[in-house]
Amino acid sequence: MCLGIPGQIFEITDAERLLAKVDVSGVKREVNIACIVSDDHPVNACVGDWVLVHVGFAMSRIDEDEAARTLQILEELGEVQEELEAMQQGAR
Amino acid sequence: MKFVDEFRDTEKAKTLTKAIHEIARKLEPKLTKPLQIMEFCGGHTHTIFRYGIEQMLPDNIEMVHGPGCPVCVLPMGRVDDCVSLAENPDVIFTTFGDAMRVPGSKKSLLQAKADGADIRMTYSPMDALSLARKNPDKEVIFFGLGFETTMPSSAFTVLQAEREGINNFSLFCNHITTVPTIKAVLDSPDMKLDGFLAPGHVAMVIGERPFDFIALDYHKPIVITGFEPLDILHSLWMVLQQIEQGRSEVENQYTRIVQPNGNTPALEAISQVFEIREFFEWRGLGSIDHSGVRMKAAYAAFDAEQKFSVPNLKIADPKSCQCGEVVKGVIKPWDCKIFGTKCNPENPMGALMVSSEGACAAYYNNGYHEKKTA
């Protein structure tokens with residue numbers, strides 16, 4: 001019920017009603033963009049945005065930097081763990 | 001798919017699993033019972049079963065699958081109300097597909113459709129609004145259900161109907177709220193939970209702060225969590241780190257989506273259209289104070305409860321159901337007397353067997369009913 005799926009906005013279809021077309025893995029459909037429009041991010045700036053689509057609404061922009069940062073944390077966790085394992089092996 | 005595949009990486013999952021086992025080993029001497037971590041959201045339950053995450057965890061960590069499956073917790077009386085609205089010959093009744101199979105006291109929406117009612121599955125409430133535009137001689141009702149994730153879409157649709165003067169559209173509002181529900185779980189006397197994975201898409205709307213009380217008043221760690229398998233494992237590791245370090249804080253693992261203050265346009269639309277109900281009836285959990293919303297009087301013209309007569313009958317849960325205890329982690333699904341026998345996905349008696357996001361249906365579909373009979 002609460003799931004969402006990433007898609008990319010490629011066209012504004014009705015600026016007044018805040019409607020845009022989004023591409024979700026090749027499937028294209030119209031979504032409402034009211035949740036991602038603000039004074040700092042007007043309707044026309046939404047083209048190209050990666051968004052989380054839920055029940056026909058672009059609910060949130062996806063922050064690419066934060067996504068990369070989370071993956072980086074996991075990468076580093078892996079490195080630390082490898083090192084710890086190497087140390088444990090060496091101590092035997 | 002971008003933002004999906006990276007968060008399903010097997011190598012990183014192995015690393016996280018190792019890290020989780022390591023903390024669990026360190027914690028073991030201090031434990032008198034397994035640590036119980038609740039994932040509140042049915043979407044997380046789905047990921048946990050789909051990727052076999054429970055099988056990857058050490059024995060001293062148990063997942064408790066919470067009540068965050070809106071379809072599961074829908075009381076039978078509300079389904080009866082839907083059927084009654086849908087059987088009005090002037091009405092086109094629209095709903096998310098998930099709600100079609102939920103049993104009422106007499107029939108489900110699927111059975112009502114087979115009996116001739118005009119019931120249509122829609123992907124979005126906006127699709128229901130389009131139907132209303134195209135069928136001016138019919139009354140189109142949208143069955144609004146779900147937590148705060150889905151609430152903005154209903155609110156924006158009502159606001160759009162008002163702007164365009166589409167007077168043959170109305171919302172049957174059954175939206176529910178997350179915080180009072182978590183509080184009800186925490187206040188239950190037999191509660192034994194040690195930490196929470198918070199619903200990422202609810203937090204996307206309401207932000208981080210509404211979860212503070214869990215850390216501050218109940219001293220439980222809580223991590224806002226995304227929906228891919230790495231998100232779940234990463235958040236579990238974060239919860240365990242808090243436990244090991246003696247902290248209880250609200251942390252956000254899902255920073256690519258969740259802003260600390262949530263989504264302002266969504267929150268504004270919600271507060272414009274909805275107000276808190278004094279209480280709302282849940283399947284399996286009884287009545288919970290302030291756990292639902294209704295439409296404000298200003299939007300009565302778009303409120304199906306005002307426009308039509310809704311029977312609003314209270315139908316008691318079957319006595320044999322133990323959904324409440326399962327949801328609180330007091331018993332496992334297979335400990336329930338009717339699990340897999342009288343209650344199964346084809347013929348669900350209890351809330352948690354209704355949707356594949358419900359804990360009992362998830363266990364059943366993964367072969368656990370055989371465990372019980374074995």
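**Legends to close-up views of a two-chain predicted model**

View 1. The C-alpha centres of domain 1 and domain 2 of chain B lie 32 Å apart, where the domain bounds come from an automatic or database domain assignment. That assignment gives domain 1 of chain B as 5-38 + 179-252 and domain 2 of chain B as 76-177 + 261-307. The contact between them takes 10 residues from domain 1 of chain B and 16 residues from domain 2 of chain B, two residues being in contact if their C-beta atoms, placed from the backbone, lie within 7 Å. On the side of domain 1 of chain B that touches domain 2 of chain B, helix 8 (178-187) and helix 9 (200-206) of chain B each supply at least two residues, and helix 9 of chain B gives the largest share, 5 residues. Helices (H or I, at least four residues) and strands (E, at least two) are DSSP runs, numbered from the N terminus. The residues of this side divide into 7 nonpolar, 3 polar and no charged; Ala, Val, Leu, Ile, Met, Phe, Trp, Tyr, Cys and Pro count as nonpolar, Asp, Glu, Lys and Arg as charged, and the others, Gly among them, as polar.

This is a predicted model, in which local features need pLDDT of at least 70 and side-chain atom pairs count only at pLDDT 80 or more, while totals for chains, interfaces and linings use all residues. Residues are numbered from 1 along each chain as its sequence is written, and chains are lettered from A and ligands numbered from 1 in the order in which they are written. The model scores ipTM 0.94 and pTM 0.95. Chain B averages a pLDDT of 93, with 98% of the residues scoring at least 70; pLDDT is the predictor's confidence in each residue, from 0 to 100.

**View 2. Chain B as a whole.** Chain B contains 16 helices and 13 strands, and its C-alpha atoms fill a box of roughly 70 × 45 × 40 Å along the principal axes. The radius of gyration of chain B is 21 Å, which agrees with the value near 21 Å for a compact globule of 374 residues; this radius is taken over C-alpha atoms, and the globule rule is 2.2 Å times the number of residues to the power 0.38. Of the 374 residues in chain B, 54% are buried, a residue being buried if 20 or more other C-beta atoms lie within 10 Å of its own, exposed if 12 or fewer, and partly exposed in between, with C-beta atoms placed from the backbone.

**View 3. Helix 2 of chain B.** Helix 2 (residues 42-50) of chain B is largely enclosed by the rest of the structure, because 8 of its 9 residues are buried. Among these buried residues are B:Gly42, B:His44, B:His46 and B:Phe49. Helix 2 of chain B is followed by B:Gly52, whose phi is positive, near 60 degrees.

**View 4. The surroundings of B:Ala215.** B:Ala215 is placed in helix 10 (residues 212-216) of chain B, and it counts as partly exposed because it has 18 C-beta neighbours inside 10 Å. Not counting residues up to four places away in sequence, B:Ala215 touches B:Lys220, B:Pro221, B:Ile222, B:Ser248, B:Glu249 and B:Val250. The C-alpha atoms of B:Ala215 and B:Ser248 are separated by 5.0 Å, although these residues are 33 residues apart along the chain.

**View 5. Chain A and its two domains.** Chain A has 1 helix and 5 strands, which follow the pattern β-β-β-β-β-α along the sequence. Chain A is divided into domain 1 (1-61) and domain 2 (64-92), and 35 Å separate the centres of these two domains, taken over C-alpha atoms. Chain A has a radius of gyration of 20 Å, whereas a compact globule of 92 residues would have one near 12 Å.

**View 6. Where chain A meets chain B.** The contact takes 27 residues from chain A and 43 residues from chain B. Helix 1 of chain A gives the most to the side of chain A that touches chain B, with 8 residues, and by class this side has 16 nonpolar, 9 polar and 2 charged residues.
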